[in-house]
Amino acid sequence: MDAINKIYSSVSQTVSTLSAVFLGNPLTKDYDIAEHIGSAGTEFVWKIYTGSKRSTKEPASIFVFDKKQLESFTKDEREEICENIRRGVVQLTKIRHPQVLTVQHAMEESRDTIAFATEPVVASLANLLGNTTNVSNMGLLAEYKLSEFDTKFGIFELIKGIQFLHDEAQLVHRHLCTENIIVNRQGVWKLFGFGFCWSKRAPGTPVANHYFKSRLLGNPGSKWTAPELILENSCNDSTDIYSLGILIYTIYSRDNIPSPDASCDLYGYKQSVTKLSNQGPPKLTAIPETLRAEVKKMLSVNPQARPILQSLIQISYFCDNYVQCLDNLETLFPKDNLEKSEFYKRLAQIIGDFPHRVRLYRILPLLVKEFVNCSMIPFVLTNILTITASCTRAEYMQHISSHLRPVMLLDEPVQIMLIFFQNLEVLLKVCPSEEIRASVLPLVYKALESKSQQIQELCLSIIPSVVVHLDKSTIKSGLVPRIKTLCSGTNLVSVRVKCLLCLGQLASKIDKWVMIDDIVSYLPSVNCREPAVIMAIVGVYKVSFTTDGLGIPKDVLACKVLPHLFPMTIVNGLSLQQFNAIIALIKEFTRKIEEEQGDKLGSKTSISASASSSSLQDKQSTPQQSESFGGSSSLGFGGSDFYSDFMQSSTTATSKAAPQPVQQRPISSPLQLKPLQAQTTLNWNVPPVATTAKENSIKYNLFTQQQNSNTMQNRTKDTPLALPPAPQPAIAMPMMSSAPMPSNMWMNSNGSSLTTKKLELTSPANNNPYGQLQPLIPTPSQTSQTSAKSSASSPMLSKEDIMEFLQK
C-alpha cells in the first residue's frame, strides 16, 4: 500500500508541476507533456520535456522557457532577454538541415512561458558531459554514455552543420557551446541557440556590440567567444572556428579553459587568450593526436591563422572508414542501384564494428528506406539482420519488426526468403511467440510451398527451432500437413529425407496419438526405394518408439509397421550396416509384441486356472459317489467328463462357479453312435484352449494324484493290492519307436505300494482309428471289463467318454 501511495504522490506531483509550468500556454492544446529530461541554452534557460502530439501520437520534445527566471531583472532587461529568446526560436524554425534541430511546432507564448516542440531529443551535450543544471530527472542521462565514435562523428557533423550555415544560410552562429548542441534520439548532434547569430547577407549591417558587456540571462560567455568579437567588435567565419576549437577541447578534456570573464577583467582576458594562442590549452594531450595540431590552430588569436572548415573535414582524424561509411550512407539514397549495391556489400563487412546505438538509431533508419526498391532489399536485408542480432526483444519490436513484416510477404526476388532462413535463428531469438506466429510462421509456410530446393531444405532444417514457440494445435493442423505434402510431392531424395527427419524431430513436441495417426500411419505411403529414404523412415519409427511419452501400440506395430519394414530389408543398395539396423529394429518391435501379448494371454490363463481348480475341488467333495460308479468310467470317478473341464476355454470358466449334479451313466447303456472306421474323417474343431497342452497335462497329473490318494485312504490297510493285468497299448504316436515309456508322462505313481503302469507306443502302421490323436487324449480300453479293472489305477478314458467328447 505504501508503494501505491508513493507512486500516486509522485504522479500527482508531476502533474501539478507540469500544470504550473505550462499554465495557459497554447502548446498544451496540441501536445501531451510528460517528463522533464534535460536543459539547454546558455545558462540552461530552456527546460526539455518529453511529449507527443495528441492527434498523431507522434513523439516530440517540448522546450520551455519559464519567465519566472527573470524576476530579478528590470522590465527593460526582461524584455531584452525575451526578445533574444524569441529571435533564436524564429531563426531556428526557418533553417532546415540535418545538423540543425528540427522544429515540429512553432513557438507559443503565454504570460508565464515560451514553448515550442521539436523532434525527440535526449538532452544537450552539456548534460551528457555531466553538467545537469536545471535537470530534475537524472536517470535517463546516467544511462546515456558517449562512445569514442559518437564523439568523432558528432564533431564531424558539427563541422558540416557550421559549413552549411556559412555557405548556404549565410549565417555566423557566434554562440557555439556545449549548451547549444542538442543530441537527438538517433544520436545526431544538432545546432541550437541562434539568438545571437549574424547574417552575412547584408554586409553593410554593422556588428552590434557584443552582449558580454551586459551580463544578462542567456547572453554568450566570453570563454566561448572569439577574441576579435570582444576586443575588435568584428565577426567572420573564423569566429565560429575559434568557438569550435574551445568546444572540441571541452569535449575531450571535460574541463573548461581557465579564462577571466571579459565583462569584469578585460585586461586579464587579453593576456589569457594571448597565452592560449601561443602555448595552447593546459590539457591539450587529452585530444587525439591526429586532431591535436588542428585544435591548437583553431585557438589562435589571429583569425587568419585558423584553419577553414573544408580543410578540417579532410584531416586524417576524420578519414576513418567508419566515419566515411556513415557519412556516405546518409547521402546514398538518390544514387543508382549499382553504386548502392557495392556500398551495401562493403557495409556488411564492417557494420558489426559500429556501436550498437549507432547501428540501431543511425544506420537502421537509412537502410529501411531502401525497402521501396525491391532490387535493393537483398543487399540491405543482410545488414538489417546483423543489427537485429544485437537487439533486445523490446528494441526489435519497437524499431525493426514493423519494417520486416511486409518484406516477409514478398515472393520476389527469391534471395529475400533465402536470407531470412539463413538468419532465422536471429529472428527466433528476438521475436516473442506471438510475433513468431504472426510473421515467421507464414514465412515458413511459404518456404515449404516454394519451388527452390535450397529454400525448402533450409526451411526444413530450421522448423525444429520454430515449433518450440508454437502450440500443439498449430503444429498438428498447419505444419505437419504441409511437410507431408512436400514429402509426397517432391522428386528430390534430399528434400524427402529432410522432410522425414523433420517429422521425426517433431516427436517431442506433439502428442502421442498425433504422432501415431498423422506421422507413423503416413510412413507406409512414402516412396522408399532409396537407402537414404529407408533409413530416414527407420529413424522416424525408432524415435516414435523410444521417445518418452510416445511409443507405438502393438496392434500398429503388427498391422502397419512390421509389414512396412520387412520389404525394406531386401531393397538393393542397402549396406550391411543399414540392413542390420533395420533387422535390429524389427527384432525390437517383435520383442515388444511378444512381451505384451504374452502378458495379456498369461493373465487370461491365470483366470482360467483358478476357475478350473474350483471345479475340481467340487468334484472331490463327493468321493463316495464317484466310487459307486467306478465301473462306468475308466478314470474311476463319477461319470462327469473330465476333459470337458480340462479342455474348455477361459470364456466358460465362470460358468463353473455353481457345479451341476453329476449325471450317472451306466456301462450297459452304450452310446448310439456308428462305429468309427480308420478312414473316417474326424471333426476336431473344439473350443479354443486358454492354456497349453503341457500345462493341462501337469494339472491332470496333480488331480490324479489327489484322486488316487483319496482312494487309497478308503481301503483296508491289510488288504493286498491286486494288480490289474497289463493294459493294451493306450496311445498311438506316429514316427515313434515301440520302446516302453514311463507312465509318469501321464500319471505319477502315488506311493511305492502302487505299481506304475507303463504305456506302450504303437507305430503308425497300426490301424488303430485313434492313431492320429494328440497324446493329450488317450485311446479307450478294449473291453469294458479291462476298463473297469484298470479304472482304479489307470487314467485311461473309456470309449464312451471319447465318443462323448467327439460328439461335443
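Visitor: How many bridges join strand β3 to β5, and which way do they run?
Guide: Six bridges join β3 (residues 59–66) to β5, and the two run antiparallel. Strands are DSSP runs of E, at least two residues, numbered from the N terminus, and two strands pair if DSSP finds at least two bridges between them. This is a predicted model, where local features need pLDDT of at least 70, side-chain atom pairs count only at pLDDT 80 or more, and totals for chains, interfaces and linings use all residues. Residues are numbered from 1 along each chain as its sequence is written, and side-chain values use heavy atoms, with hydrogens and water left out.

Visitor: Which residue stands opposite Ala 117?
Guide: Ile 62.

Visitor: And what does β4 do with β5?
Guide: β4 (residues 103–109) pairs with β5 in the antiparallel sense over four bridges. The two form a hairpin with three residues between them, and Glu 109 stands opposite Ile 114.

Visitor: Why is β5 largely enclosed?
Guide: Because six of the six residues of β5 (residues 113–118) are buried, meaning under 20% relative accessible area with a 1.4 Å probe, protein chains only. Thr 113, Ala 115 and Ala 117 point one way, and Ile 114, Phe 116 and Thr 118 the other.

Visitor: Other topic: what is the mean pLDDT?
Guide: The chain's mean is 76, and 72% of its residues reach 70 or more; pLDDT is the predictor's confidence in each residue, from 0 to 100. Over residues 622–690 the pLDDT is below 50, and that stretch has 112 contacts (heavy atoms within 4.5 Å) beyond near neighbours in sequence.

Methods: Buried < 20%, exposed > 50% of the residue type's maximum accessible area, 1.4 Å probe, protein only.
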